[in-house]
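Open the model in your viewer and keep the selection tool at hand. We will go from stop to stop, with a note on what to pick at each one.

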Amino acid sequence: MNLIYKTFRGNKSAEFDNAAMIRRIVFMDEQKFSYDLDEVDEYAVHAVVYDGDSPVATGRFFFDEENTPHIGRIAVLKDYRKRGVGRFLMLSLEKTAAEFGADFITLGAQVRASDFYKSLGYVPYGEIFYDEYCEHINMKKTLDITQNMT
């Protein structure tokens, strides 16, 4: 694999089409969510991981209305799961968040994926909640800025 990490802001670029395609495949086609795109896409910093020229994973970073840094919409195509692509994406997004001044990150993880996030240092907090039919848990990680800036 030749992984390349690219970021861009907002949902008006051709790069966003790749992010939206991956999210549609993972969240709507595979997981049967009824929607995926939202108003956050307009201002979020989006990331797409490519294997060479092929888009294989995506996620986004943004500050919410309380100025809390948040990572979300993490999606990896099925053929690239359990191959380190998700880890590469998350660590790259954390570095991007740190470059925007974040010293911690929150996310709403699908409960079934929470062990993956725990392996990256995220800690669950609060009660389980539902997004459509799917159980989620809020998680948080303090960023090691010195490590992320290298």
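How far apart are the end C-alpha atoms of helix α2 (residues 85–99)? They are 21 Å apart, which agrees with the 21 Å that its 15 residues should span at 1.5 Å a residue; the expected span is 1.5 Å times one less than the number of residues. Helices (H or I, at least four residues) and strands (E, at least two) are DSSP runs, numbered from the N terminus.

Before moving on, note that this is a predicted model, in which local features need pLDDT of at least 70 and side-chain atom pairs count only at pLDDT 80 or more, while totals for chains, interfaces and linings use all residues. Residues are numbered from 1 along each chain as its sequence is written, and side-chain values use heavy atoms, with hydrogens and water left out.

**Stay on α2.** Color its buried residues, among them Val85, Leu89, Met90, Leu93 and Ala97. Buried means under 20% relative accessible area, exposed over 50%, and partly exposed in between (1.4 Å probe, protein chains only). Then step just past α2 to Gly101, which has a positive phi of about 100°.

**Now the salt bridges.** The whole structure holds 10 of them, each a side-chain nitrogen of Lys or Arg within 4 Å of a carboxyl oxygen of Asp or Glu.

Select Asp41 and Arg23: their closest N and O atoms are 2.9 Å apart. Asp41 sits in the loop between α1 and β2 and Arg23 in helix α1, so this pair ties together parts that are 18 residues apart in sequence. Both Asp41 and Arg23 are buried.

Next, pick Arg81 and Glu30, whose salt bridge is 2.7 Å, N to O. Arg81 is in the loop between β4 (69–76) and α2, and Glu30 is in helix α1, so the pair joins parts 51 residues apart in sequence. Arg81 is partly exposed at 30% relative accessible area.

In helix α3 (residues 114–119), Asp115 and Lys118 are 3 residues apart, about one helical turn. Their side chains meet in a salt bridge of 3.9 Å, N to O. Asp115 is exposed at 57%, and Lys118 is partly exposed at 42%.

**Last stop.** Select Glu39, Glu42, Glu65 and Glu66, which form a negative surface patch (residues with over 30% relative accessible area and no salt bridge, like charges being joined within 9 Å). Glu42 lies in the loop between α1 (14–30) and β2 (45–51) and counts as exposed at 53%.

Notes
Patch = residues over 30% accessible without salt bridge, like charges linked within 9 Å, V, L, I, M, F, W, Y side chains within 5 Å. Areas by Shrake-Rupley, 256 points an atom, 1.4 Å probe, with all protein chains shown as cover. Lys, Arg positive; Asp, Glu negative; His and termini not counted. Charge placed at Lys NZ, Arg CZ, Asp CG, Glu CD.
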